[in-house]
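Hello,

Here is the structure you asked about. Please open it first, then read the notes below.

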Amino acid sequence: CGSESYLGPNPYHFNPLDYCILVKTNSASASDGHVAVYVDANDGAGYIKVSQGQDGYYRLNEVVVDQCYADLAGVKIQAVDSNAWVGTVKVSQDHKMTYSSLPCIDCGGENIAVGSIVVDNDSTDSSAAPTQCLQKICTLPFRPFCVLVKTRGMSYSDGYMDVLIDSGNGYAPFSVPGVKHQKNDVVVDQCFADLRSVQVSATTTNAWIGDIQVSTDGKLTYNALTCDNCSGTTSSASPIFVDGDGSSVSGVSTYCIDGNTCTLTYRHPPCLLVQTSNIRHSDGYVGIYVDSGDGYVLVSDPSRKYATNEVVVDRCYTNLLSVKVANTNNNAWIGDIQVSKDYGATYSAMKCDNCGGTTAFASPIFVDGNDDSMAGVSTYCIDGNSCILPLSMISPRYVRPYSCKDQGLSVRPSWKLMGFFDSSDPGCAELSTSTSAYDESACGLFP
């Protein structure tokens with residue numbers, strides 16, 4: 001036992017059979033065929049072949065895989081030959097009571113296995129299912145963020161270093177304390193449903209040099225994490241030098257030294273930034289709620305008075321649908337609610353669906369529990385109302401199809417953009433006949 005707080009390679013092992021994979025052939029004619037299935041159980045062993053059928057052939061309605069795991073990173077499927085297989089790939093987290101389909105990140109068609117998926121070594125049966133895995137290995141991730149921490153093979157790269165990862169439940173250790181990581185050692189190879197940040201530190205003077213990266217495509221490619229508080233001339237954690245004293249090494253320009261704890265982040269768009277303005281009387285109370293697919297969740301502290309220039313929310317989401325803002329306190333809050341789709345390089349103001357004022361853009365926006373107003377701010381969310389800012393309504397940097405100035409979301413124009421064609425194209429002549437309607441009232445973009 002002892003006093004160590006190390007949780008092992010994965011702190012989410014609630015039950016030995018928490019994640020059950022079911023891969024099954026469809027019952028429709030010609031669905032039988034050959035397929036190979038691989039599973040990554042998130043245990044560091046990578047993808048292991050689990051399909052056992054003779055020569056990879058599975059009959060109609062036959063179960064290809066029905067197996068449970070302590071954890072799950074993802075599934076890969078591959079055609080064995082040109083005898084296509086059609087079926088479903090699903091996962092259960094409630095002991096096989098219900099199942100949900102896994103998304104396919106590199107398939108053709110709908111790119112998500114909501115129904116059936118066809119796996120083939122050619123394209124002759126591509127119409128057999130809405131999602132197609134043709135002539136390649138396709139990845140269906142369960143935990144889309146895979147962190148890889150690996151020691152470099154260069155001189156003096158072996159050393160001591162601790163890794164903590166926040167995947168949405170606070171920081172937990174993912175490296176074994178007190179272990180010297182040898183050259184080319186894999187320190188962490190773990191996948192998560194979400195990834196907030198990674199922390200690294202060293203308390204000994206035997207420095208560690210390596211790469212800290214993340215994959216979002218089923219471990220096909222990796223990108224370096226960015227260090228928020230490292231020293232050196234760069235912030236990329238590939239490579240990074242981690243040491244308990246203030247030494248350095250040639251060939252590495254990102255340092256986490258002097259025993260400091262350094263934070264490394266991966267910003268996956270869209271990214272939400274809510275920040276108090278720097279204008280007079282902007283400090284106040286505000287509640288920020290985010291809908292990322294499971295309904296609105298409170299992400300700020302409505303009982304806290306946010307100071308001038310203070311960041312209220314700075315977080316990225318894999319699926320951001322809308323933001324809700326409200327204030328029941330009479331001490332108003334003024335700030336900016338913005339979204340980035342380029343990893344935080346640039347931001348655009350979100351647009352409020354039901355705010356008052358002369359504009360709808362939430363940069364700045366005045367949020368109050370009574371009906372006050374503020375000079376210089378023309379977008380109001382007052383009287384304690386809850387105001388909605390959907391992701392589809394953002395500033396002119398992003399254009400929503402069919403959005404017309406001063407019209408609601410339900411309005412659709414009578415015109416349709418069909419494409420751009422050469423004047424000699426026969427299709428143009430057909431469009432210009434009396435049987436085709438032409439509407440010049442194309443709407444303007446956002447104000």
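Does Phe241 count as buried or exposed, and at what relative accessibility? Phe241 counts as buried because its relative accessibility is 4%; buried means under 20% relative accessible area, exposed over 50%, and partly exposed in between, with a 1.4 Å probe and protein chains only.

Some notes on the source. This is a predicted model, in which local features need pLDDT of at least 70 and side-chain atom pairs count only at pLDDT 80 or more, while totals for chains, interfaces and linings use all residues. Residues are numbered from 1 along each chain as its sequence is written, and side-chain values use heavy atoms, with hydrogens and water left out.

Aromatic pairs

Rings of Phe, Tyr and Trp (its six-membered ring) pair if their centres lie within 6.5 Å; planes under 30 degrees apart count as stacked, over 60 as edge-to-face and the rest as tilted. The count by this rule is four aromatic pairs. One of them is Phe174 with Phe192, edge-to-face, at 5.4 Å centre to centre and 80 degrees between the planes. This pair links distant parts of the chain, 18 residues apart: Phe174 is in the loop between strand 17 (171-173) and strand 18 (180-181), and Phe192 is in strand 19 (residues 186-192). Strands here are DSSP runs (E, at least two residues), numbered from the N terminus. Phe174 and Phe192 are both buried.

Phe241 and Tyr255 also form an edge-to-face pair, because their ring centres are 5.7 Å apart and their planes are at 75 degrees. Phe241 is in strand 25 (residues 240-242) and Tyr255 in strand 26 (residues 254-256), so the pair ties together parts that are 14 residues apart in sequence. Tyr255 has 17% relative accessibility and therefore counts as buried.

Charges

The charged end of Lys76 sits over the ring of Tyr47, 4.7 Å from its centre. For a charge to sit over a ring, NZ of Lys or CZ of Arg must be within 6 Å of the ring centre and within 35 degrees of the ring normal.

Asp166 belongs to strand 16 (residues 162-166). Asp166 is buried yet has no salt bridge, which would need a side-chain nitrogen of Lys or Arg within 4 Å of a carboxyl oxygen of Asp or Glu. The nearest side chain of opposite charge is Arg196, 5.0 Å away; Lys and Arg count as positive and Asp and Glu as negative, while His and the chain ends are not counted.

Regards

Notes: Helix = DSSP H or I, 4+ residues; strand = E, 2+ residues; numbered from the N terminus.
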